[in-house]
Amino acid sequence: MARNLIVILSSLCIWIGARSAPAGLDSSVFEGADFFQLFNDPDGHLKLNPRLKTDDRIRAHGYPGELHYVPTEDGYIIGLFRIPHSHKLQNQAKYRPIVLMQHGISGCSDNWIAMGPDNALAFQLADAGYDVWLGNARGNTYSRNHSSISTQHPYFWRFSWHEIGYFDIAAMIDYALKTNGQEQQAIHYVGHSQGTTVFLALMSTRPEYNRKIKTAHLLAPVAFMNNMDSLMARAVGPYLGHHNTYALLFESQELLPYNDFILSFIYNTCGPDSRFRDFCSVFHNSSTDGRSNSSAVAINALTTPAGVSTNQFLHYLQEQQSGHFRRYDFGTKRNWMEYNAEVPPDYPTNLITCSTHLWYSDNDDMADVGDVLRLAETLPNKEMHHMEDPMWNHGDFATNWEVRKYINEPIIKIINQFEGLI
């Protein structure tokens, strides 16, 4: 049994990398760059070009890019990137409504800009006159700091997506509102996959934050998961989706530990100008069925996995096994301490009163239509957006070649209507 579990966990790690691949990359950022350099120095050392951060990528396209560090109530330090205005509009002195965007599991803020200024929602929002903020969950490459705990300590990784929602997203919202300087009282929100789960967790457990949301756009919303059509999740769920010995062995640690050198090496190797790029592209295309930008290889190697706690995956597996959208299951003893109940409480999603738009599709193996509709029944103020393409899948919400037409432009239209710009 233990040997079978090891095999399953190994497969899970591979599956996670495939499921959380970020969006396609506009290779114009890298034109003229030599991404795989072997300098003939006296010591014969291999020297790699430094990896670009989100703000570097933003500025490479001519937009202003900022990095802010935001403390949370429980001591984590979150990296929050910003496109404060558009260089095309020169609108820095004008009113710019705030939009906060949150990535999926294993991802980071790079996901929202990787398609380049012609197709990435973050850039298009900036060009539409918005103040765009790109969040990063605790533990990922841009949020690996804490006021008192090192990432080497297991206590650092003692969180699931509940804490990301309850603490991180709340801190991002408050910080963006304060820093914008235009006395705004509410924001627009866009989340993909786990970025939807954390939003639902926050708004249902801290309902006072609903008044800080103008419109919310949940791409491939993940809450109820009992209909999820994922063979891998169903294979490991019986082992890790319950509070048992297997789950305890897997709990509170970093999944696929972050290694800056390895990611930099692969990133340089798979860069657009690398002699090895064809090999990387073949691998990438085999996993995307040609529906995504093939230039995504370099940024995939850079950010996947960006850093994630095993508890985030355990929490999702608990959802899949229980059929509930509820808090983390610590086991009977601690559940009594945390919740004053034997089992975790369900999230009271009926308390989510803000304008919530659910974007979903038939071919999504993570956010099944039945599960999305079940969630929708609990939301008092929702609007449904069903994707007409029968092949539209979970990753297509971020990577599809036609994401501008089917996702970006409709979202911007809704936000513009709210702001009275149409």
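Buried means under 20% relative accessible area, exposed over 50%, and partly exposed in between (1.4 Å probe, protein chains only). I wrote that down before looking anything up.

**Ground rules.** I am working with a predicted model, where local features need pLDDT of at least 70, side-chain atom pairs count only at pLDDT 80 or more, and totals for chains, interfaces and linings use all residues. Residues are numbered from 1 along each chain as its sequence is written, and side-chain values use heavy atoms, with hydrogens and water left out.

**Entry 1, the whole chain.** I counted 15 helices and nine strands in the protein chain. Helices (H or I, at least four residues) and strands (E, at least two) are DSSP runs, numbered from the N terminus. Of the 422 residues, 58% count as buried. I also looked at contacts (heavy atoms within 4.5 Å). Among those between residues at least 6 apart in sequence, 76% join residues at least 24 apart.

Is D396 buried or exposed? D396 counts as buried because its relative accessible area is 1%. I found D396 in helix 14, which covers residues 396-399. Leaving out residues up to four places away in sequence, D396 touches R291, M391 and V403.

I searched the whole structure for cavities of 30 Å³ or more and got three. My notes on method: on a 1 Å grid over the protein atoms alone, a cavity is a set of points where a 1.4 Å probe fits but cannot get out, while a pocket is an open set with protein on both sides within 12 Å along at least five of seven lines; lining residues have an atom within 4 Å of a point. Grid points are joined across faces, edges and corners, and a volume is the space filled by probe spheres set on the points.

The largest cavity holds about 100 Å³ of space. It is lined by 13 residues, and N111, W112, L121, F397 and A398 are the closest to its centre. Helix 14 and helix 15 (403-418) are the elements that give two or more residues to this lining. Helix 15 gives the most, with three residues. I sorted the lining by class: Ala, Val, Leu, Ile, Met, Phe, Trp, Tyr, Cys and Pro count as nonpolar, Asp, Glu, Lys and Arg as charged, and the others, Gly among them, as polar. For the largest cavity that comes to 10 nonpolar, three polar and no charged residues.

Among the residues lining the second largest pocket I noted R158, H162, E163, R327, R334 and E338. Helix 4 (161-180) and helix 12 (332-339) each supply at least two lining residues. Which helix gives the largest share of this lining? Helix 12 does, with three residues. By class, I have four nonpolar, three polar and five charged residues for the second largest pocket.

Helix 5 runs over residues 194-205. The expected span of a helix is 1.5 Å times one less than its number of residues. The 12 residues of helix 5 should therefore span 16 Å, and the end C-alpha atoms are 17 Å apart, which agrees.

G79 sits in strand 2 (residues 76-83), and with 0% relative accessibility it is buried. Not counting residues up to four places away in sequence, G79 touches L67, H68, Y69, L134, G135, N136, Y142 and S143. I also checked G79 against M172: they are 93 residues apart along the chain, and their C-alpha atoms are separated by 9.4 Å.

Most residues other than glycine have a negative phi, and most peptide bonds are trans. I noted Q90, not a glycine, with a positive phi of about 50°. Q90 lies in the loop between strand 2 and strand 3. S193 also went into the notebook, with a positive phi near 55°. S193 is in the loop between strand 6 and helix 5, and is buried because its relative accessible area is 10%.

I searched the whole structure for disulfides (a pair of cysteine sulfur atoms within 2.5 Å) and found zero. C108 is buried at 0% relative accessibility, and C354 is buried at 5%.
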